[in-house]
Amino acid sequence: MTGHSAPTTTRGRLDVAAVRERSERDPRISRIVEVLIDRARLWASAPTVTQPGELAEWWHVAWERLGDAAFAHAMRPDEQIAEWLRAETRRLLALPVDEWVGPFFRTRTNPPIGALETAHVGLGVAEVLELCPELFDEDEREHIVAGLIEHCLLPCERAVTAYEGSARRYDESGGAEGTPPNNWYMVLLDGFAAISLLSGDADRIATLPGRYRTASSLYNADSYGESVQYWGYATLHLTNVRELLDAHDPSLLARDRAPYGPMMRWVAQSILFQGARPELGAGTYTTMVNFGDSAVTARPPADALTSIARPDAGTDDEDARLARWLFEHTYRDIQLEPSHLSTFGFFSEVGWRSVVNLLSAADASSPEELSLPLAASFETGSVMVRDRWTGTRTVLAAQAGTDRLNVDSHRHDDHGSFVLSHGDELFFADPGHCSYRLEAQQVAKRAESHSTWVLRDGGTDAILERRQPHAAPVGIRTAPWTSAGWTAFSVDLAPNLPETITRARRTWITLLPHVVLIVDDIASTLPVKVETSFVLNDRDHGLRVNQATATRLVLRRGEAAAKFFRLSAETDAAPVSGSADRRWTALHDIYQPQPNAPTQGREGSGVVYSYRNAAGTRHRAVYSIVLDDEAVIRGWHVDVADDGTVLIERPDGVGLAVDPSGFAPGDAPPATQ
């Protein structure tokens, strides 16, 4: 092939010489570069972007694999990789535009309107031109850009424009028409921005700063309304938009603070523990809080974290240092399986952008070094309490109402629910999410699939629905507060239930790492029934349950154990007896777009214990959970006195007494005003 442009040290955002120089004195970056080159060789060994026998479809791996290969060839020219990049670029652009819209479940229109897959494929091809322009002569480069305009830019532009119009109608009609935007807007904007900049379209480029700011407005002040994992997906794309704009003209966003930077505290608090997952692969995996559509086995996107870690990219210093810590902490193992779920499956891997970003990233500062609190509440409704940052033994995370959220797709009916881990074991779990094509996903979203309660009409037995209006708070929240070493917080969901419910409060009281108390207090003007569920983790068949009495369970997982008791329950001041009912549900893990994936949970992977109260107008129950090593759990004893005081005896014989009524929310400052 003739007429190629000469290789240069600077290729778009990649300075090859700077990376090589840094790699020589930085083993961490050197190792990342080698991992990316090894991955690229693997990708180039197959005819297309998908590997033989894997579940991935080409739309869902094209971006990262084309980017890996382009980076590898730029760093260390390889003719096999070069020829693979040429062939794949030509093959993808020879496909009909409609093919770029995505799988069968994406909506087809004429002219085509872009979907997530459209942007991903376009970004992959654009990065080939950005990092390896010399692979094509001038005429073919022009042909590729023209193809990207037709296959990606125009469909993405139609989608972005449609989202903007729908959002305007939604605002003008007070929610009666249109829909509010969500992560899709950021993804489609990323595809539109990349091709606009690649083609040098000045008019379209002029719209990008304003659209970046529109996307920025979807973040709350300290968290993101969809879920912690959709924060990662949205931010992976919006950081890419910012990096592209900064490379084009640093002045365009020079005064814009990165909206995703303040989320670093929320992401850090969402880490439960790290450990082995041999059924997935070798290495250390991170287990995270997974309310809403999120995977329990996950790590924040490396390319987003390293972008936030750059103080020159609109991030405050502490946020940048915490982002760098999160990267170093969750990417100790650079490469983990499954590798085909990197962006679309949300099981993130390091990409070439991380290498570039690390060249100017801040040094890492841990949560402990930054004096992050052990208990924290966030606008998205998550409350996390842990015993300590270094050597964490126990983490309680609850979904306790929300502030007004700027985006609220991908949420579940999980208010009042919680997850609880001890050591490297997850005991009380969230169902997570799976393919959106499945009824199992709808089941996972329901309140009865979470560790919370469902209220039913006392006469008809119909479920009293919990309203979750867009752009309005959920519940009356009380922020974590401490008294005599105990930490407590609560939510009252009565404002989101029918007006006959005057109180629907759950209060968590903790003395970590060992003790969690839960107090439910429900009042109504008409009789209601209460069904309270607790979801236990048995994904790996590792849960052992001993039902000591009708209301006292001993739970064991690995080397950890918990005693879970219903200490007392009453309806209309009369004691309630009865045993916990047992049923089963599915606990899902890493999302995959298509059904029947290995990480989709089987029914039975979650064990649900439920208590049912007869109809009444006042319901109150107190539950206790004590956690410790399996070898000493027998030494813990919990009971309740006639006056309601909870009496706890530790294995060393030391006694504790706590009056749950002493943690009434009225004694604590509210979480929000």
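Let's start with helix H9, which has 21 residues and reaches 30 Å from its first C-alpha to its last. That is close to the 30 Å expected at 1.5 Å a residue. Please keep in mind that this is a predicted model, and H9 is one part of that prediction. H9 is mostly covered, with 19 of its 21 residues buried.

Glutamate 243 sits in H9, which covers residues 228-248. Is glutamate 243 buried or exposed? Its relative accessible area is 7%, and anything under 20% counts as buried, so glutamate 243 is buried. What does glutamate 243 touch, leaving out residues up to four places away in sequence? The answer is Arg13, Asp303, Ser307, Arg310, Arg353 and Asn357. With arginine 353, there is a polar contact between the two side chains, at 3.0 Å. Asparagine 357 is 114 residues away from glutamate 243 along the chain, yet their C-alpha atoms are separated by 9.4 Å.

Next, the aromatic rings. How many aromatic pairs does the structure hold? There are 20. Take phenylalanine 418 and phenylalanine 428: their ring centres are 5.3 Å apart and their planes meet at 35°, so this pair is called tilted. Phenylalanine 418 belongs to strand S8 (residues 417-422) and phenylalanine 428 to strand S9 (residues 425-428), so the pair ties together parts that are ten residues apart in sequence. Both partners are tucked away: phenylalanine 418 is buried at a relative accessible area of 1%, and phenylalanine 428 is buried at 0%.

Rings can also join up in a group. Tyr230, Tyr233, Phe344, Phe346, Tyr436 and Tyr591 are linked by ring pairs into a cluster. And charges can sit over rings too: arginine 65 lies over the face of tryptophan 43, 3.9 Å from the ring centre. Likewise, arginine 299 lies over the face of phenylalanine 347, at 6.0 Å from the ring centre.

Let's move on to the strands, and to S20 in particular. Strand S20 (residues 603-629) pairs with strand S14 (residues 515-537) in the antiparallel sense, over 18 bridges. One of the residues to look for is glutamate 531, whose bridge partner in S20 is arginine 612. Strand S17 (residues 560-571) also runs antiparallel to S20, and eleven bridges join them.

Last, some backbone details. Most residues other than glycine have a negative phi, and most peptide bonds are trans. Where can you find a cis peptide bond in this model? Look from asparagine 110 to proline 111, where omega is near 0°. Proline 111 is in the loop between helix H4 (79-94) and helix H5 (116-131). Another cis bond joins glutamate 337 and proline 338, with omega about 5°. That proline 338 lies in the loop between helix H12 (317-330) and helix H13 (352-358).

For positive phi, turn to serine 371, where the value is near 60°. Serine 371 is in the loop between H13 and strand S5 (375-377), and it is exposed, with a relative accessible area of 62%. Aspartate 461 also has a positive phi, near 70°. You will find aspartate 461 in the loop between strand S10 (453-457) and strand S11 (476-483), and it is partly exposed, at 33% relative accessible area.

How values were computed
Residues numbered from 1 in each chain as written. Predicted model: local features only at pLDDT ≥ 70, side-chain atom pairs only at ≥ 80, totals over all residues. Heavy atoms only, no water. Helix = DSSP H or I, 4+ residues; strand = E, 2+ residues; numbered from the N terminus. Buried < 20%, exposed > 50% of the residue type's maximum accessible area, 1.4 Å probe, protein only. Contact = heavy atoms within 4.5 Å. Polar contact = N/O pair within 3.5 Å; in protein donor to acceptor, adjacent residues only side chain to side chain. Phe/Tyr/Trp six-rings, centres within 6.5 Å; stacked < 30°, edge-to-face > 60°. Lys NZ or Arg CZ within 6 Å of the ring centre and 35° of its normal. Expected span 1.5 Å × (residues − 1). Pairing = 2+ DSSP bridges.
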